[in-house]
Amino acid sequence: MDKSTSNRSHHHRHQSSTQLGNQIDWNAIAPEVALRLKGEPRTKSDKEWRWGTKGSFALYLENGKFSDYENGVTGGVIAMVEHCEGLGNRDEAIQWLRDNDFLPGNHTSPQPRRTKPQPKAAPPIAKPPHNTGQLEYGLTLWNNALPAPAEFEHPVRRWSHGLLPSKMPMPHSVRFHARKRLVVCCVATFDRWIDAFPKIPAPQAVHVIAIGSLGEKRTPERWNTVNKRTYGRVNGCGIFVSGNPDSSNINICEGVNDALAIYEREPGAVIATLTTFSKLTNHPSLIKHISARNPVIFPDMDKAGKTATSNLTRALRRAGATVKIRLGREGDDPADSALKQWL
């Protein structure tokens, strides 16, 4: 890129940011953005809202600025989205705001003009499309779902492949929507779980898994070859399955079924992340909390799972943790290993 091209690109970015700043009342939208990112604050006043057990995350209503005192991060609305969602840059934060209806239209920075038309990349289908932004729909599913009973013939029991004994209750973070035949899971940040314990927090996102009447995997036609979806846009979340999140033992895995296997067989709390748990490394306060306990990682025994385990282990050890890794059989996830080892 020559100097003149670079100058034009900088001018476009500056112009886009200026136009966006002139159109949006950032002070007005800051509280709603904070609610979407952090959930209900622990304390409220006319001047500020605070989150966390010690109020270390603050939003100042007068100017729409936030301060995360634990991690030493401050800024406005866009910086708050970048920080809380673990995003890489300003444009991603603006896109998040647009996707969640806080901004009108598409305000991402213009892309440089291409000399040749580029073919549009096909969307990946190996994993479900997370963070669809349709939280209201997800909350409707959650509110209309019921806890799964301790009946062996229940679809959710069959779906879990007998991982839980017949009389053992399903965790309350897992429900069943009978009409739509969906396993519906509450997803919230770890701070929200701590604040709500021993109750379940209001979901910040809702994870759903389509199953059949006999508990078999089902792929709805409109879901394009996947049987899982997450409604809501919250990074650094997990499905907290059992136990006190301040417990002396914390088990970490990547899937709901894996979490059920650990829930039945291991002591302590269970965090089930929706995607690779190496993303937890983007959240220093969570790493600090886990490292002060006795973390045990239950990886998927494939290449991606081993890489995620390596990344998370390094982050926890840098924070002073003594990490245990519970390896399963090659190619298996923890639920597979549990079935082969214990049943």
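This is a predicted model: local features need pLDDT of at least 70, side-chain atom pairs count only at pLDDT 80 or more; totals for chains, interfaces and linings use all residues.
Biologist: How many residues does the largest nonpolar core have?

Modeller: In soluble globular proteins, nonpolar side chains tend to be buried together. A nonpolar core is a set of buried Ala, Val, Leu, Ile, Met, Phe, Trp, Tyr and Cys residues joined through side-chain atoms within 4.5 Å; buried means under 20% relative accessible area, exposed over 50%, and partly exposed in between (1.4 Å probe, protein chains only). Here the largest core has 33 residues, and Val208, Leu312 and Leu316 have the most contacts inside it. Another core, of 26 residues, lies apart from it and includes Trp159 and Tyr263.

Biologist: Which residues form a salt bridge with a separation of 2.7 Å between the closest N and O atoms?

Modeller: Side chains of opposite charge can pair when their charged atoms come close. A salt bridge is a side-chain nitrogen of Lys or Arg within 4 Å of a carboxyl oxygen of Asp or Glu. The pair in question is Lys306 and Glu330. Lys306 is partly exposed, at 37% relative accessible area, whereas Glu330 is exposed, at 59%.

Biologist: How many salt bridges are there by this rule?

Modeller: The count is 7. Another of them joins Arg158 and Glu153, at 2.1 Å from N to O.

Technical notes:
Residues are numbered from 1 along each chain as its sequence is written. Side-chain values use heavy atoms; hydrogens and water are left out.
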